Amino acid sequence: MIAENNILNAVQEAFKVEGKVIRERRVEVFAKKDEVSSILLFAKVQHGYIHLAHVTCIDWIEDGDFELVYTIYNPELKITLFVKTRIDREAPVMENIDGIWDQANTYEREMREMYGIEFPGLIGDHEFILEDWDEMPPMRRDFDTNEYAGETFFQQPGREDAKDVRGEVCERSGEVIPDFAKKYSRD
């Protein structure tokens with residue numbers, strides 16, 4: 001895993017960040033939020049990580065943080081580099097990186113809408129996927145999906161006879177709902 005250690009060492013020497021080789025072809029580093037765009041640009045320009053594969057968010061509600069994970073790829077070395085950072089969940093602001101990769105715009109607009117994370121300078125309508133949404137961002141763990149769906153969808157006119165699909169299938173097939181799955185069925 002020489003190539004994996006080379007990229008880890010290069011990032012660590014340039015930015016003094018923690019990280020590790022996860023396994024063959026997988027390296028991760030943990031950075032402060034202010035260092036992320038510099039690390040991404042460094043990896044792209046200096047080390048051939050020309051492909052932004054994905055950007056995602058994890059809601060660590062217990063810690064009061066969001067974790068952003070930038071997944072970038074070097075097609076020559078076939079090594080993926082994960083650049084991870086945490087931001088404050090109550091005032092979530094992260095640097096916009098769509099100047100480094102255009103496709104970051106899509107991920108950032110999605111995270112703005114689904115988690116409420118702001119990316120200063122991000123160009124794009126605030127309404128991205130959701131229409132006329134004025135609730136808490138729905139991917140936050142404190143958003144109550146069952147309550148929202150119950151208030152919004154189940155009681156709409158025309159759905160009075162809506163049945164529990166899982167229950168109906170089990171009744172027809174004779175299958176028994178396993179104990180672990182019962183919590184997902186309607187009462």
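This is a predicted model: local features need pLDDT of at least 70, side-chain atom pairs count only at pLDDT 80 or more; totals for chains, interfaces and linings use all residues.
Me: Which residues of α1 are buried?

Reply: The buried residues of α1 are Glu4, Ile7, Leu8, Ala10, Val11 and Phe15. Viewed down the helix axis, these buried residues lie within an arc of 160°, so they line one face of α1.

Me: Against which elements do the buried residues of α1 pack?

Reply: They pack against the strands β1 (18–23), β2 (26–30) and β5 (79–88), and against the helix α2 (36–47).

Me: How does the span of α1 agree with its number of residues?

Reply: Helix α1 covers residues 2–15, which is 14 residues. At 1.5 Å a residue it should span 20 Å, and its end C-alpha atoms are 20 Å apart, so the two values agree. Just after α1, Lys16 takes a positive phi of about 55°.

Me: How should I read the core of a protein, and which residues touch the most other members here?

Reply: The general idea is that nonpolar side chains tend to be buried together in soluble globular proteins. In this structure the largest nonpolar core has 39 residues, and Val11, Leu40, Tyr70, Leu81 and Ile117 touch the most other members. At least two residues of this core come from each of α1, β2, α2, β3 (51–60), β4 (65–74), β5 and α3 (104–115).

Me: With which residues is Leu81 in contact, leaving aside its neighbours within four places in sequence?

Reply: Among them are Ile7 and Val11, both of which are buried residues of α1. Leu81 is also in contact with Val27, Glu28, Val29, Ala43, Tyr49, Tyr70, Thr71 and Ile72.

Me: How many helices and strands does the protein have, and in what order do its elements run?

Reply: There are six helices and five strands. From the N terminus on, the order is α-β-β-α-β-β-β-α-α-α-α. The radius of gyration is 21 Å, well over the 16 Å that the globule rule gives for 187 residues, so the protein is more spread out than a compact globule. Its C-alpha atoms fill a box of roughly 60 × 40 × 30 Å along the principal axes.

Me: What share of the contacts with a separation of 6 or more joins residues 24 or more positions apart?

Reply: Such pairs account for 46% of those contacts in the protein.

Note on methods:
Residues are numbered from 1 along each chain as its sequence is written. Side-chain values use heavy atoms; hydrogens and water are left out. Helices (H or I, at least four residues) and strands (E, at least two) are DSSP runs, numbered from the N terminus. The expected span of a helix is 1.5 Å times one less than its number of residues. Buried means under 20% relative accessible area, exposed over 50%, partly exposed in between (1.4 Å probe, protein chains only). The arc is that of the directions from the helix axis to the C-beta atoms. Contact means heavy atoms within 4.5 Å. The radius of gyration is taken over C-alpha atoms; the globule rule is 2.2 Å times the number of residues to the power 0.38. A nonpolar core is a set of buried Ala, Val, Leu, Ile, Met, Phe, Trp, Tyr and Cys residues joined through side-chain atoms within 4.5 Å.
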